[in-house]
Structure formats: structure tokens, C-alpha cells
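Please read the points with the model open.

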Amino acid sequence: MPKLNLNRVSMPRQDPKERAKNFNEVALGYSEEQAKYEASRCIQCPKRPCVDGCPVNVDIPEFIAALHEGNMPEAVRALKNKNSLPGICGRVCPQETQCEEVCTLNKREAPVAIGRLERYVADWERAHPEAVEAPNEDSPKPTGKRIAVVGSGPAGLTVAADLVKMGHTVTMFEALHVAGGVLMYGIPEFRLPKEIVQGEVHFVESLGAELILDSVIGKIDTVDELLNNGYDAVFLGTGAGLPMFMNIPGENLNGIYSANEFLTRVNLMKAYQFPEYDTPVKVGKNVAVIGGGNVAMDSARCALRLGADRVTIIYRRSETEMPARREEAENAREEGIEFKVLTNPKQYIGNEENWVAGIECYQMELGEPDDSGRRRPIVKEGSEFLINVDVVIVALGTTPNPLIASTTTGLETTRWGTVVADESTGKTVKDRVWAGGDIVTGAATVISAMGAGKRAAADIDLFLKG
Ligand code: FAD
Ligand code: SF4
């Protein structure tokens, strides 16, 4: 057994002052030497808790051992056996609350940097495409069954990859002109380069899945029509793309964006590459972002990079309860984003031209824990104060777009608009229809959507093979 080495290799990153002015990737990735050193920290413990800590059960010790031995094609194979999107997961998965949290080393010191090693292996494969066996070499026997996958985010891509590997014929329908879901339109380039996302989408296509873009299911065809026109099963992975607002006075003023709209303009429509891409987006000087999750951090950091003088995160609980990844909140702070916690908007104030000019806020305090387990924020009466702003980005969460539920017969939905599906199989109450990812859970994580895709693929396969 290798000797215990407690010093985790930190991730090289762009300097905060520099990166706050560009959209290039913040984290630069390990060198070969750093990756091998970090891989040597894994003690290959017999219980392997990290594997169960991963929602798609990647054989983590196996890929780390291969990397340590310098057998990179084997490391790629071991990693991609369970995960078709490792370059994405290595960058955005919250490993600190999953595989790394349960890593045996975490009891003594810092856990093995599993996510960073995953990223290293995925990036090595991208740089050496000829070194790894073509995925189609031992194609499974075709079953003759056809599955329609609606949506090409992490849930849809995962279910598609697994089903083609089982011999089924899969068609993915995507509403947008590009596949990838939130990975393309939400998460910014400086955290997840779009070239990486498209590389992994192409990998899924190379396995044999067909991708049809610009196809809004519910408009061009309904789910019922897909089922009546030759598809044996349908998987719904359409995410949760409908933004939530607070419904407070002034929310319709000009200059107030939902985070969805703001990030779509900046990322998918490439407003950050103006004038090459002529996408209109108001670049505020004094920007407030409402919310404390990853979406809020991404919005704030985009606004800063577009040229804002001052960007403030306004969050109603304290930093302890903030749902954003710790690493991303730290990155944001380093870049100069200000945090105003225990603060909540009461109303927006407009100028004569109906543009937002200020936010009247309450100070908050924390009470007893609520249903989410976090301490409930309570308004401090008489604590109102004003913050001057010229752009506000509201990042308070999302729910599923009602299109699918309203055009499909026999689906059951919750009062939040999410589709009801069995947690362990993804099966909905409608015959031959499965669902997974944010459309079922509401806004969650990439890896939880992928885990749902994997479970649904296994159940669809079981159903189709009788
Ligand atoms: P989505 O990724 O939303 O994909 C759904 C796809 O379905 C989209 O491409 C959509 O266009 C398509 N679609 C919708 N309706 C139709 C229709 N009617 N017909 C055809 N296609 C349709 N998670 C993390 O783990 N780490 C992070 O750091 C992180 N950061 C995030 C930052 C932002 C800004 C956002 C918004 C989310 C972030 N998340 C993060 C959450 C994560 O991205 C989502 O949980 C995940 O993408 C959900 O996957 P999905 O496949 O269910 O849906
Ligand atoms: Fe290695 Fe940590 Fe997994 Fe044990 S739990 S096998 S030390 S990565």
C-alpha cells in the first residue's frame, strides 16, 4: 500500500485580477506531474467508499490507479465505462459533497482530488484522440427498439449513451439549435468551455445516438404522437428552465433580468464576444444579483467580466446556508464580488424612464430550521435600507416549463410543475414514458441528472427486453 501523503495538490488558476476581465477558463488543470502526484495519494482502500459516493458509481480507484501507473488509455476506459461526460463532471460536479466527502483520506486530512483527476484524464483523452480505442468496436446486437429522448442536457445525453450501448436505436430531440442544455446556455465559458461540452455531445453521437436540433416537443410533435408513431419508449429530460421571481413591486422595471435570460444572452448568444456577436445585453455599472446558488455566482461573475464597476450578491440567509459550491463562492469573492447576506429585497425603485435605479431591502435574521433543514430567514421589522443599482439579475431558482406536461396525456405533476416519476427507475405514471433530471427534481445538479438518466436507461432496457 502506498504511504499516506496528506498534501493535496491545489488547482492552478488564473490570477483573480486578470481573470475578472476575461472569459477564459479560471481553473487551468493539473500538469502530468501534479496529476500523478495527486493520484499517488489514493491508498486504494478496500472499502472504496468513493464509488458509492458517486451518483453514477464510477470506478474511481481503478481510473486513479491506471493514471498513477501512466496507463492513460486504461484510465480513460475505466472512467468512461460509467460516465460519458467526464470533462464536464470533472469541472462542475460538487465532488466535495459526494465522492470526495466520503473519501477515506477525508477523515485524516484533505481527500483525494477526485474531480481534478477526472478532469485531467478527460482532457488527456481530448488531446490524444487516437490513443483510445474507438467506442463502436464491439457494438451490441441491435434490438430493433426505438427510444425518443426529449432534451439533450446531462440527463438526456446519459440515457441516450447507455441505451445505444445496450443495442437500442435512440433519437434525441433538442429544442435549441445546440445540444447540452444548461451546460451550453447557463454555465459560463470560464467555468466550462463550450468546446468541452460539444466534444462530449459528439462522443454520445459517436456511440450511435441520433440528435435532432431545433425540435420543440409539444410543438412539432407531442409525446403521445412520438409513442403512436413508432417509438417504443420516451424519456423526458427537458430540465427546469422557467425562472422564478419574488412577485414584489417594481419587478417589471427595465434592467431587471432573470438569471436565465441574462446567462443565455451572455453564454449561448455570446454577448461576451461583442462586437463579433451582436447580442444586446445591458452592461450595468452597479449590478445586484439576488440569490446565493451557483446560478447567482455565475451571473455575478459574468456581469463583472462584462465591465460592471461593482457587483453585489444579495442573499437572505447567512453564508453558511448559501447553496453555491464553496469553491465558486470563493472564486467570486477573490474576483471582487461583494456579498450582502441576511438581506432581502422588499421592492425595486424605478427612475422616470422606468429603469431600475434602486432596491429597498430588509435586513434579515435567522430563526429555527425550516423544511430544507436550513435556518429560516425572518424580516427585521423597520430595518429597510436602499441600495443603488442600474441592473438586477434575479437568480432564485427555476421550475420546469409547462409545455411538456400540458401537451402530454396522463402525466402526473406536482404543484411546482415537476413531473412525478419513480426515484429508482424514472418511470412516470404514463405507459412507456420515463423522466429524469431537473424536470423531476427541480433545479439540482449535473451528476444527479446523469444518475437519473442511468437508472432510467436500465429500467427502459428491462422493459423493452421484456
Ligand atoms: P437541462 O440541462 O436543463 O437540459 C434540458 C434540455 O432540454 C435543454 O437543452 C432544453 O433546451 C431541452 N428542452 C426543454 N424543453 C424541450 C422540449 N419541449 N423539446 C425538446 N427539448 C427541450 N450543476 C452542477 O452540478 N454544478 C454546477 O456548477 C452547476 N452550475 C449551474 C449553473 C447555472 C447557471 C445553472 C442554470 C445550473 C447549474 N447547475 C450546476 C445545475 C445543472 O446544470 C442542472 O441540474 C442540469 O443541467 C440538469 O440537467 P437536465 O438534463 O435535467 O436538464
Ligand atoms: Fe482512493 Fe479515497 Fe477512493 Fe479510498 S476513498 S479508493 S483513498 S479515492
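1. Which residue lies over the face of Trp 434? Lys 427 does, at 5.2 Å from the ring centre. A charge counts as over a ring if NZ of Lys or CZ of Arg is within 6 Å of the ring centre and within 35 degrees of the ring normal.

2. The model is predicted: local features need pLDDT of at least 70, side-chain atom pairs count only at pLDDT 80 or more, and totals for chains, interfaces and linings use all residues. Residues are numbered from 1 along each chain as its sequence is written, chains are lettered from A and ligands numbered from 1 in the order in which they are written, and side-chain values use heavy atoms, without hydrogens and water.

3. Rings of Phe, Tyr and Trp (its six-membered ring) pair if their centres lie within 6.5 Å; planes under 30 degrees apart are stacked, over 60 edge-to-face, the rest tilted. The count is five aromatic pairs.

4. Phe 23, Phe 190 and Tyr 272 make up one aromatic cluster. Arg 305 lies over the face of Phe 190, 3.8 Å from the ring centre.

5. Around ligand 2 (a heavy atom within 4 Å) are residues including Cys 42, Cys 45, Cys 50, Cys 103 and Thr 104.
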